Amino acid sequence: MLQAPSGRTREILADATFRELVSGRARLRWILSILTLVMFFGFIALVSVAKAALGTSIAGSALPLGFALALAMVAVLVVFTGIYVQRSNTRFDELARAVKRELGR
Amino acid sequence: MIARCLLVALGVAFPSAALAQGAPMVGGRGPDWIAIAMFALTVAITLLITYRSAGSTKSKAGFYTAGHAITPLQNGLATAGDFLSAAAFLGISALVYANGFDGFLYALGFLTGWPIVLFLMSERMRNLGSYTFADAAAFRLDQTSVRLVAATGSLVVVLFYLIAQLIGAGKVIQLLFGIDYVLAVVGVGVLMILYVIVGGMQATTWVQISKAVLLLCGGTLLALAALWHFDFSLARLLEAASRIHPKGAAILVPGGLFAEPVSAISLGLALVFGTAGLPHILMRFFTVSDAAAARKSVFYATMCVAYFCWVIPVLGFAAAAILMPEPSYFNVTASGQFNKIADLIGGPNMASIHLAHAMGGPVLLGFISAVAFATILAVVAGLTLAGASAVSHDIYGQVLTGGKASEHRELLVSRIAAMAIGVIAVLLAYAFENQNVAFMAGLALSVAASCNFPVLAMAMFWRGTTTRGAVAGGLAGLVASVVLVVLSKTVWVAVLGFPSAVFPYDNPALFSMPLAFLFVWLFSVTDRSARATREHEAFTAQLIQSEIGTALAGDQVSLAAAGS
C-alpha cells in the first residue's frame, strides 16, 4: 500500500475532484470540531464565571436558564453530527466515487 | 467529597458510603425471585448468543471484527452499548440525585466526545486500519516502536477501566441479587472471558446490542413512569425535587463540581478526548464494511448517548423527588433520622434501582436490575476483547513476529491473552475490594486522552509526524498521566495516606495531553533521519488511502488493485 507508484500518487494528488474532496471534508471537519469544543468548554467557562445567571428562570417557565442551555446543547451536538453525516453521505461519498471512477479508467 | 464522588462516578458507581454498608440486597427485601429470574434469563441469552457465534471466530477478521460484516445501525447500538457503562446509568443518575445539575454537566462531557470521534477519528481509522487502532497509528510509521506504544496505551486503559468496572460490578450484583462480592466478580469474569474466547467480536457485538436495546427501553420506561407522576412536566418535576432535596433550589444550578476552572477544564478534556482514545470504542469501527458505514455507526451511537443525556437527569431528579419523602428507602436510625443522600439503602448509586421499585414494584425492579447487569457484561466484554487484540495482533502478531505468525497461532495467543487479562483483572478486583479505587477510571480516561489520542491524531493528520515524535509523545502522555494521578489527592492522600497532595488537581489531562502533543511536535521537527524523510513522503499515500480508501464497499477490490 505504501509503495504506490509515485506517478499514480501524483496523478491522484493533482486530480481536481480529489482536491475538492480533501479540502471540502477538511473544512467541514475542522469547523464542526472547533464549534463543538468552543460550545462545550465555553459552557464550562460560563459555569465558573456566571453561575448565578444560569440559575435564573426563563420568562414564563420554571426551567432555569442553565438547564435549558444544557438540554439545547445536547440537541445541537446531535444536529452537528447529523450535518456531517448528511453532507458526507451525499457530497463526499459522491466525490470519492468520482475520483475512483476517473482513476479506474 | 464532591470531587471524589465525581471521579468515582466516572468509572464505576461506588462512593464510600456504599462500600462501608455493603448491605446485601437493595432494601433488604430478601431474595427477590423476579430479579433473580431476569438475571438468569440475561445470562442464558448472552450464552446462547456466544454459542451461536462460535463458528465465526476461526479467522482473524472473524475473531477481531466479526468479518467487517456488522451493519451501521447494529454497530451504532453496539458502540453505545460498549460506551454506556454502569457508571453512566447508575453513577450519573446518582450524581444528579446527590448534586443535581452538576451530574447533567458531567453527562454532557461524555456526549461531547462523540462528535469529535465522528469528525476526526472514525472514517480515517476505518480506511487505514483493519483490526486495532494501532494499525492506523503505525500505518506509515515504524511498525515495532509505534505499535508497541499504542498497544501499551491500550493495555493500560483496558486494565484500569476493567478493574474499576469489575469492582463496581461486584458491588452492584451483591446489592441487586444478594450474591457474595467474590462470587459476583468471579462470575462476571468467567462470563466475559467466555464471550470473548468462544464468540469473539461477533458475540461481544450482540451482547452489546442487546444491552443497548435493554438500556434504552428500561431507561425510557422508567423515565416515562416517573414523568407521568408529574403530568409529564419537566418543570414540575424539577420543582418537586428542589422542594424535598436537602440542597434545595441549589440542585437546579451549577454547583461545586465545575466551579474551579482549571479542574473543570481538565476533567472536560479527559471526558471529551478520552472518549476519542478508548481502544474498545475505536476497535468497533473495524466491524463495519467501510468508512461510510463507520461514520453512520457513530451517528447512531451519538443519538443513543444524547438520548441518554436527556433521560439520565430525569431519572436522578425523579429519584430525588419520589424517594426522599419515603423513609422506607433509607437506613433510618432509631430516632427516625436519616440523611437523604448518604443513607439511601445501598448508597446513592442505587437511586435508579429504588426508583424502579417505587414506580413499578418488584417486576420493574427486577427488570431494571437485569438491565444494570447486562450493562456491566457488555462493557467488560468489549474491554477484554480490546486488550486481547492489543496483545495478540499488535504485540505478538506485528512486533514479535513481524506479521509472519500464522493466523491460527495469533488467534491462540489472543484467546490466552483474553484469559490472562480476565484473570488478572478479577484478581486485582478481589484485592482492591475495600480500597479506594476512584483514581482508576480517571486514570484510564487521561491515558486515553494523553497517549492514545495524540499519537493517533498526529499520525493521521500531520504530515510532519515521525516515528521518533510519535513514540516520545505517546510515552510522555502516558508517563505524565500516571505520575500526576499518583501525586494527586485520589492516590497520594486517599490510597497512600500522605497528608496533602503534591499535584493539586484531580485530573491531569490539562497538563499531560498538551505535553504529549508538544513532544510529538518537538521530537518530529528535530528528527532529521532518512527514516523521517521517508515517513513524510509516505504521508501522501496515507492521505489518499484515508480519503478514498474503502469509502465504497463495492469498489474495494478495484481500489486495492489501483493502490498496489
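**Figure 1. Chain A as a run of helices.** Along its sequence, chain A reads α-α-α-α, a pattern made up of four helices and zero strands. Helices here are DSSP runs of H or I with at least four residues, strands are E runs of at least two, and both are numbered from the N terminus. The model is predicted, so local features require pLDDT of at least 70 and side-chain atom pairs pLDDT 80 or more, whereas totals for chains, interfaces and linings use all residues. Residues are numbered from 1 along each chain as its sequence is written, with chains lettered from A and ligands numbered from 1 in the order in which they are written. Of the 105 residues of chain A, 27% count as buried; a residue is buried if 20 or more other C-beta atoms, placed from the backbone, lie within 10 Å of its own, exposed if 12 or fewer do, and partly exposed in between.

**Figure 2. A:Val49 in helix H2 of chain A.** A:Val49 belongs to helix H2 of chain A. Because 10 other C-beta atoms lie within 10 Å, A:Val49 is exposed. A distance of 50 Å separates its C-alpha atom from that of A:Ile12, 37 residues apart along the chain.

**Figure 3. The contact between chain A and chain B.** Chain A contributes 46 residues and chain B 50 residues, two residues being in contact if their C-beta atoms, placed from the backbone, lie within 7 Å. On the side of chain A, H4(A) gives the most, with 21 residues. That side divides into 30 nonpolar, eleven polar and five charged residues. Nonpolar covers Ala, Val, Leu, Ile, Met, Phe, Trp, Tyr, Cys and Pro; charged covers Asp, Glu, Lys and Arg; the others, Gly among them, are polar.

**Figure 4. Helix H7 of chain B against helix H12 of chain B.** H7(B) and H12(B) (residues 261-275) pack with their axes 7 Å apart, at an angle of about 40 degrees. The axes are lines fitted to C-alpha atoms, for helices over the stretch in contact, and angles run from 0 to 180 degrees between N-to-C directions. The two helices are therefore oblique to each other, given that angles under 35 degrees count as roughly parallel, over 145 as roughly antiparallel, 65 to 115 as roughly perpendicular and the rest as oblique. Among the residues of H7(B) that meet H12(B) are B:Gly109, B:Phe110 and B:Trp114, and those of H12(B) include B:Gly268 and B:Leu271. By class, this contact has six nonpolar, six polar and no charged residues.

**Figure 5. The largest nonpolar core.** A nonpolar core is a set of buried Ala, Val, Leu, Ile, Met, Phe, Trp, Tyr and Cys residues joined through C-beta atoms within 7 Å. The largest has 235 residues, and B:Leu166 and B:Val380 are among those that touch the most other members. Helix H15 of chain B (residues 351-400) gives the most to this core, with 29 residues. Neighbours within four places in sequence aside, the contacts of B:Val380 include B:Leu162, B:Leu166 and B:Met192.

**Figure 6. Two residues with positive phi in one loop.** B:Ala66 is found in the loop between helix H4 (60-65) and helix H5 (72-83) of chain B, and B:His68 also has its place between H4 and H5. Phi is near 50 degrees in B:Ala66 and near 55 degrees in B:His68. Most residues other than glycine have a negative phi. B:Ala66 counts as buried because it has 27 C-beta neighbours inside 10 Å; B:His68, with 21 other C-beta atoms within 10 Å, is buried.
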